[in-house]
Structure formats: structure tokens, C-alpha cells
Amino acid sequence: MKHELKTSTEQLEILKSKKSGEALNWDDMQKMKYSWNVALEAMRLIPPLQGTFREAATDFTYQGFTIPKGWKRQKSLILQGSIGKATPPPYTNIPFGSGPRICPGKDYARLQILSFMHHLVIRFKWELVNPNCKISGGMNPFPVDGLKVRLQAQPIQA
């Protein structure tokens, strides 16, 4: 509940700084620091992508096993140290990668996530119908029974 109130407060402050009907811009997105931290925490707890595949560029031997060129292996994006724990440790998730392999769509994804959060928070009162829904594992996790949300429109409070 604490996060919901802080996120709502942050989004309403941005809304109040806008003229009626004025669209969000890059400066507004930069002000959504708390909302972005909430999104990052959600992606840390349940990553949107569990892993990716890498292809061997050349034949090589690893611990006595020969890996031929062209073989693919799954590279887990979940930290090995977090296996068996309820959640990964704090400050250990880099959802868009880093360095030369950083996701080229990182900023676009951020805009999409923050824009969605902004409109959801200012236009709707919402609650999960089944907050204890089980999440299916695999490469793309999803709620077993679907993500059922009860939305109630609310007037925009500028």
C-alpha cells in the first residue's frame, strides 16, 4: 500500500504540472524516479525474460566437454546465487543488460512502462482479483489463472 500511495503522489504531481490535455514528455519521465524504481523491483522479482540463447562461435573444450561451433546454450538471466531463495538479493538485477550487450530498446521500454503506469494510476482505481495467483515458470512467466484485475474508472484529479 505504501508503494501505491508514493507512486500515486508522484504521478499526480506530474499531472498537476501539465496543462489540460498536454501529453507526457521526456522531462516528465525523468521525474518518475520512484515509479521507475517500482518497475525495476517488479522486474527483479519476476523478470520479464528468464534467459536468452548464446551460440558457440568456435569449437571449444570446457571442463573436459567439447562444445562444437553452432551449438546453442541457454544463458539464464536469473543470478545463480539466488537459486533456492525466495527472491534474488537486492541490487543484483540488471534487466536491460549492460556494456556492449545492453538492450537497444531500454529507453523505449522505460517510456512504455512509465507511460502505462502514469495513465493506470491517474485514471483508475484497481485491485488484483486473485493476489495469491501462482506464476508459471519457464522462459516467459505468466499467471496460471491469468492476471485478473478489477478496474474502476476515477475522475482525473489535476
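Predicted model: local features only at pLDDT ≥ 70, side-chain atom pairs only at ≥ 80, totals over all residues.

Reader: Which strands each supply at least two residues of the nonpolar patch?

Author: Strand E5 (124–128) and strand E8 (149–153) each contribute at least two residues to it, and E5 gives the most, with 3 residues. Helices (H or I, at least four residues) and strands (E, at least two) are DSSP runs, numbered from the N terminus. Residues are numbered from 1 along each chain as its sequence is written, and side-chain values use heavy atoms, with hydrogens and water left out.

Reader: Which residues form the nonpolar patch on the surface?

Author: Patches are made of residues with over 30% relative accessible area and no salt bridge, like charges being joined within 9 Å and nonpolar side chains (Val, Leu, Ile, Met, Phe, Trp, Tyr) within 5 Å. Here the patch is formed by Phe124, Trp126, Leu128, Leu147, Val149 and Leu151, which together have about 530 Å² of accessible area (Shrake-Rupley method with a 1.4 Å probe; for residues, only the protein chains shown count as cover). Leucine 147 sits in the loop between strand E7 (142–143) and E8, and this residue is exposed, at a relative accessible area of 61%. Buried means under 20% relative accessible area, exposed over 50%, and partly exposed in between (1.4 Å probe, protein chains only).

Reader: In what order do the elements of the chain run from the N terminus on?

Author: The chain has 4 helices and 8 strands, and from the N terminus on the order is α-α-α-β-β-β-β-α-β-β-β-β. Of the 158 residues in the chain, 19% are buried.

Reader: Which residues make up the largest nonpolar core?

Author: In soluble globular proteins, nonpolar side chains tend to be buried together. A nonpolar core is a set of buried Ala, Val, Leu, Ile, Met, Phe, Trp, Tyr and Cys residues joined through side-chain atoms within 4.5 Å. The largest one here has 9 residues, namely Ile14, Met29, Met32, Trp36, Ala39, Met43, Phe96, Leu114 and Met117. Helix H3 (33–45) and H4 each supply at least two residues of this core, and the largest share, 3 residues, comes from H3.

Reader: What does histidine 118 touch?

Author: Contact means heavy atoms within 4.5 Å. Leaving aside residues up to four places away in sequence, histidine 118 touches Gln11, Ile14, Leu15, Leu24 and Met32. Histidine 118 belongs to helix H4 (residues 106–123) and is buried, with a relative accessible area of 3%.

Reader: How many aromatic pairs does the structure hold?

Author: A pair of aromatic rings is described by the distance of the centres and the angle of the planes. Rings of Phe, Tyr and Trp (its six-membered ring) pair if their centres lie within 6.5 Å, and planes under 30 degrees apart count as stacked, over 60 as edge-to-face and the rest as tilted. The structure holds 1 aromatic pair: tryptophan 36 and phenylalanine 96 are stacked, at 6.3 Å centre to centre with 15° between the planes. Tryptophan 36 lies in helix H3 and phenylalanine 96 in the loop between strand E4 (72–76) and H4, so the pair ties together parts that are 60 residues apart in sequence. Tryptophan 36 is buried, at 11% relative accessible area, and phenylalanine 96 is buried too, at 13%.

Reader: How many salt bridges does the structure hold?

Author: A salt bridge is a side-chain nitrogen of Lys or Arg within 4 Å of a carboxyl oxygen of Asp or Glu. The structure holds 4 of them. One joins glutamate 55 and lysine 72, whose closest N and O atoms are 3.5 Å apart. Glutamate 55 lies in strand E1 (residues 51–55) and lysine 72 in strand E4, so this pair ties together parts that are 17 residues apart in sequence. Another joins glutamate 127 and arginine 150, with the closest N and O atoms 3.3 Å apart. That pair links distant parts of the chain, glutamate 127 being in strand E5 and arginine 150 in strand E8, 23 residues apart. Salt bridges that share partners also join Lys18, Glu22 and Asp28 into one network.

Reader: Where is glutamine 63 placed?

Author: Most residues other than glycine have a negative phi, and most peptide bonds are trans. Glutamine 63 has a positive phi of about 45° although it is not a glycine, and its place is in the loop between strand E2 (60–62) and strand E3 (65–67). At 64% relative accessibility, glutamine 63 counts as exposed.
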